[in-house]
Amino acid sequence: MADKVVFAQPKVELHVHLDGAFRVETIMDVAKRRGIVMPAKTVEDMRNLIVVHQPGTLTTFLEKFGLYMHVVAGDKAAIKRIAYEFVEDKAKEGAIYVEVRYSPHLLANCKVDPIPWNQEEGDVSPEEVVRLVNKGLSEGERDFKIKARSILCCMRHMPKWSMDVVKLCEKYRKDGVVGIDLAGDESLVCQANSEHRQAYEEAVRCGIHRTVHAGEVGPPCMVKEAVEVLKAERIGHGYRTLEDPELYKKLLDQKMHFEVCPISSKLTGACCSDFATHPVTTFMKDKANYSLNTDDPLIFNSTLNLEYSTAHELMGFNEEEFKRVNILSAKHCFLPEKEKEELVRSLCEAYGMIQQTAF
């Protein structure tokens, strides 16, 4: 599907999963090299299996990863390749800065318990995954002239991995890693003494930037927990915040940043299928602090251009709102302050805006 470009200006993306952004061609190529039998023989047939075509549930969406993650996991060349290709794809979509997130444990095949995707034990640890992704992103930056940084994900169903994630964030904070995330099934709350909470407390102590998936399909209390217990600086999705007007007003006043993904939210059943009444339209009207993102472009068959054309044609966005959203995205990215200021300045110049009045 050809993308319609409604905003041909530099963009910033803050919420996109590396493991939801592989190229199908790469999946099939690596499978052939590794001798892995796939459930489809052609790229197009495999794409048709992976892509979510109709609104469903978050569970249905999560099942898609099982179709292809085992192909890339544990393979050094493939891990570096998918990171490099990710940067190329985002450059083609007009991004000048992107933060891509992933679980290093879900791409490893040693020093991780349990080893994911029924792999045999190998020689790719979570730390080796981070090094390989960093190298792929760095080479992509050099070749495609955009800036790419990564966020490492804790997984709600695997709390014993979380402290290891914090340690990796700390070790590689000057080598491409800018923050930590908590992703997965929102029905798994963070209890008072949970390993997730302890990991986030350590992240606060170390000065590691924090975002949390919350309020996507879970109730507003999950957003409140993310902010008050885990000390999140940004919220992944956050649509259900609107069900608690008091909490929503509080977060508006705090200028909490919501990482929203319109197409994703429709296809996972997180929001109603009518974009005209989507929670993001309320964020827009209230001048909330938020960004527009693709989430898992492979599975949702999406690009930044498709997200923007959807927002324009079905949600009432105009060019000024796109500019405002991207400035906010830059202002609330996890880059060091000097680099953040440079990013904001470059957007203001591209948009013909005076920087001090841009917010």
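A charge is said to sit over a ring if NZ of Lys or CZ of Arg is within 6 Å of the ring centre and within 35 degrees of the ring normal. The structure shown here is a predicted model, and this rule applies to Lys11, which lies over the face of Tyr308 at 5.7 Å from the ring centre. Another case involves Arg234, whose charged end sits over the ring of Phe334, 3.8 Å from its centre.

Strands of a sheet pair through backbone hydrogen bonds, either parallel or antiparallel.

Individual strand pairs can now be considered. The parallel strands β2 and β3 are joined by 6 bridges, and Tyr97 has Lys147 in β3 as a bridge partner. Is strand β3 (residues 147-155) mostly covered or mostly uncovered? Of its 9 residues, 8 are buried, so the strand counts as mostly covered, where buried means under 20% relative accessible area. Further along the sheet, 4 bridges join β5 to β6, which also run parallel. There, Ala214 has His237 in β6 as its bridge partner.

Next come the helices α9 and α10. An α-helix has 3.6 residues a turn, so residues three or four places apart point the same way. In helix α9 (residues 220-228), the buried residues are Pro220, Met222, Val223, Glu225, Ala226 and Val227. The elements that cover them include β5 (209-214), β6 (234-237) and α10 (245-253). Helices α9 and α10 pack at an angle of about 35°, and their axes are 10 Å apart. Their crossing is left-handed. On the side of α9, the contact involves Pro220, Val223, Lys224, Val227 and Glu228, which meet Leu247, Lys250 and Leu251 in α10.

The aromatic residues complete the account. A pair of aromatic rings is described by the distance of the centres and the angle of the planes. Rings count as a pair if their centres lie within 6.5 Å, and by this rule there are 14 aromatic pairs. Why is the pair of Phe7 and Tyr308 classed as stacked? The centres of the two rings are 5.8 Å apart and their planes meet at 10°, so the pair is stacked, because planes under 30 degrees apart count as such. Phe7 belongs to the segment before β1 (11-17), whereas Tyr308 belongs to helix α14 (residues 304-315), so this pair ties together parts that are 301 residues apart in sequence. Phe7 is buried, with a relative accessible area of 1%, and Tyr308 is buried with a relative accessible area of 1%.

Phe283 and Tyr290 form a tilted aromatic pair, with 6.2 Å from centre to centre and 45° between the planes. Both of these residues are buried. Finally, one aromatic cluster is formed by Phe7, Tyr248, Phe258, Phe283, Tyr290, Tyr308, Phe317, Phe322 and Tyr351.

Terms used: Residues are numbered from 1 along each chain as its sequence is written. This is a predicted model: local features need pLDDT of at least 70, side-chain atom pairs count only at pLDDT 80 or more; totals for chains, interfaces and linings use all residues. Side-chain values use heavy atoms; hydrogens and water are left out. Buried means under 20% relative accessible area, exposed over 50%, partly exposed in between (1.4 Å probe, protein chains only). Helices (H or I, at least four residues) and strands (E, at least two) are DSSP runs, numbered from the N terminus. Contact means heavy atoms within 4.5 Å. Rings of Phe, Tyr and Trp (its six-membered ring) pair if their centres lie within 6.5 Å; planes under 30 degrees apart count as stacked, over 60 as edge-to-face and the rest as tilted. Two strands pair if DSSP finds at least two bridges between them. Axes are lines fitted to C-alpha atoms, for helices over the stretch in contact, and angles run from 0 to 180 degrees between N-to-C directions. A crossing is left-handed if the near helix is turned anticlockwise from the far one by less than a right angle, and right-handed if clockwise.
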